[in-house]
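Take a moment to bring up the sequence and the model together. Let us walk through them step by step.

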Amino acid sequence: MSHPDSASTAIPLRQRGPVLLLLALPGLLYCLAPAVANRIEPRVFGIPFLAAYLIAVTIAIGPLIWFVARRDPAYRSGAAEFVPADNPPATDGPIGDPR
């Protein structure tokens, strides 16, 4: 359950944005796989290069997410994450009027 003042301690996305952009890197690497690594030869440890490339990217995602989490100011400060569902519904006006 969220506390009423938790939204005031949230860190704006503007301050978090640069490090969070690194999370787009795995998707980009997966999308580039057919262009960069679509080769049967050479083989890496007996498997085609494309499969080795995909395995290497998959293994690299874990440390990348760990690194981004450690560099994220909201994670380091323990600030609350903004979730729109945590906000109570508005009770003023005809739509939210409980009468």
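What follows goes from the overall layout to the confidence of the model and then to one patch on its surface.

Please keep in mind that this is a predicted model. The protein contains 4 helices and 2 strands.

How much of the chain is buried? Of the 99 residues, 17% count as buried. The accessible surface comes to about 7,800 Å², and carbon and sulfur atoms account for 68% of that area. Turning to contacts between residues at least 6 apart in sequence, 58% of them join residues at least 24 apart.

Confidence deserves a look before any detail. The average pLDDT of the protein is 75, and 59% of the residues score at least 70. Among the elements, helix α3 (residues 49-71) has the highest mean pLDDT, 90, while helix α1 (residues 13-20) has the lowest, 69. Over residues 1-7 the pLDDT is below 50, and this stretch has 2 contacts in the model beyond near neighbours in sequence.

Now for the surface. Which residues make the nonpolar surface patch? L25, L28, L32 and V36 do, and the patch covers about 310 Å². One of these residues, L32, lies in helix α2 (residues 25-37). L32 counts as partly exposed because its relative accessibility is 36%, a value that falls between the 20% limit for buried and the 50% limit for exposed.

Key
Residues numbered from 1 in each chain as written. Predicted model: local features only at pLDDT ≥ 70, side-chain atom pairs only at ≥ 80, totals over all residues. Heavy atoms only, no water. Buried < 20%, exposed > 50% of the residue type's maximum accessible area, 1.4 Å probe, protein only. Contact = heavy atoms within 4.5 Å. Areas by Shrake-Rupley, 256 points an atom, 1.4 Å probe, with all protein chains shown as cover. pLDDT = per-residue confidence, 0-100. Patch = residues over 30% accessible without salt bridge, like charges linked within 9 Å, V, L, I, M, F, W, Y side chains within 5 Å. Salt bridge = Lys/Arg side-chain N within 4 Å of Asp/Glu carboxyl O.
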